[in-house]
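Subject: Handing over a structure

Hello,

Here is the structure I promised to pass on to you. Have a look at it first, and then read on for what turned up in it.

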Amino acid sequence: MPAMLRSIAFLSAIVAAAAFSPPVGRKSTATALAMTSSSSSSSSENETSLQSRRSALQSLGLLGIAPLLASVAPASAEDVKVGGKIRLGDESIMDQKDHGTSAVPVQENLRYGVSRKLADKISNYNRRFAELGGYFQETPLEEVVRAANGPVTFYDSNSGKPLFQAPINRSVDEFIEESKVHGWPSFRDDEVVWDNVRVLKNSGETVSVDGTHLGHNLPDKRGNRYCINLVSVAGSPA
């Protein structure tokens, strides 16, 4: 592993250790379908705890790894075909394979300092549950997106295939704000790599073509909105 990547992996592990434990008072989301209602409002206690956690990370200089992480997220908007009409899939995509609904476990060194154990559970042995609302705010994701020179590519935590690029046709502020309002990274049709993503016909469950559970499509007045677990899209390119 090149020295830069070893350094990033080491720093990411520190971020994971500092940020993984949920803030006191943070409630678990029972199902992915509860994402919208559970994330629309946050208690002042949770917000204070979150800010304290982020301030602690900032004081340690750990969030300074964001530009470094962004620099190794190599795909640009020209490298993959992004956007278009929604592509539906059927339940057979999520048939049991060698590792839950996927053929392989999640990658060893996931981006954004997310928990590999949680990523494997959510992505491969789960159809309903989600990471905690606001989990992505305890990672360097926002700093990575803001530091990037263009859209950031999000890769399947199992296969390393590109799944989403954001922001596209909106500002960084709009992408971050919408994600914060709902509690999970939220993508629109223009930001989906449809060659690798499907939405199941009867449930709205959003999955990779290889069987990774990603989240759910929870449409609003603006159209389709894909509410996605960061742990499921924290891979590195294959």
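Phe-175 is buried, at 1% relative accessibility; buried means under 20% relative accessible area, exposed over 50%, and partly exposed in between (1.4 Å probe, protein chains only). This is a predicted model, in which local features need pLDDT of at least 70 and side-chain atom pairs count only at pLDDT 80 or more, while totals for chains, interfaces and linings use all residues. Residues are numbered from 1 along each chain as its sequence is written, and side-chain values use heavy atoms, with hydrogens and water left out.

Back to the rings. Phe-187 is buried too, at 0% relative accessibility. Phe-175 and Phe-187 form a tilted aromatic pair, with 5.6 Å from centre to centre and 40° between the planes. Rings of Phe, Tyr and Trp (its six-membered ring) pair if their centres lie within 6.5 Å; planes under 30 degrees apart count as stacked, over 60 as edge-to-face and the rest as tilted. Phe-164 is also buried, at 0% relative accessibility. Its ring is stacked with that of Phe-187, because the centres are 4.3 Å apart and the planes lie at 20°. This pair links distant parts of the chain, as Phe-164 is in strand S3 and Phe-187 in strand S4 (residues 186-187), 23 residues apart. Ring pairs join Tyr-112, Phe-154, Phe-164, Phe-175 and Phe-187 into a cluster, and the whole structure has 5 aromatic pairs.

Some of these residues come up again in the core. The largest nonpolar core has 31 residues, and Tyr-112, Phe-154 and Phe-164 have the most contacts inside it. Such a core is a set of buried Ala, Val, Leu, Ile, Met, Phe, Trp, Tyr and Cys residues joined through side-chain atoms within 4.5 Å. Leaving aside neighbours within four places in sequence, Phe-154 is in contact (heavy atoms within 4.5 Å) with residues including Leu-141, Phe-175, Phe-187 and Val-233.

Now for the charged side chains. There are 13 salt bridges, each being a side-chain nitrogen of Lys or Arg within 4 Å of a carboxyl oxygen of Asp or Glu. Arg-146 takes part in a salt bridge with Glu-142 (3.0 Å, N to O). These two residues are 4 apart in helix H6 (residues 141-147), so about one helical turn separates them. Glu-142 is buried, with a relative accessible area of 13%, whereas Arg-146 is partly exposed at 42%. Arg-146 also meets Asp-173 in a salt bridge (2.7 Å, N to O). Asp-173 lies in helix H7 (residues 172-182), so this pair ties H7 to H6 across 27 residues of sequence.

Another salt bridge joins Glu-178 and Arg-170, with the closest N and O atoms 2.8 Å apart, and both residues are buried. Through shared partners, salt bridges join Arg-170, Glu-178, Arg-188, Glu-191, Asp-220 and Arg-222 into one network.

Finally, the overall picture. The protein has 7 helices and 8 strands, taken as DSSP runs numbered from the N terminus (helices H or I, at least four residues; strands E, at least two). Buried residues make up 53% of its 238 residues. Among contacts between residues at least 6 apart in sequence, 71% join residues at least 24 apart.

Best wishes
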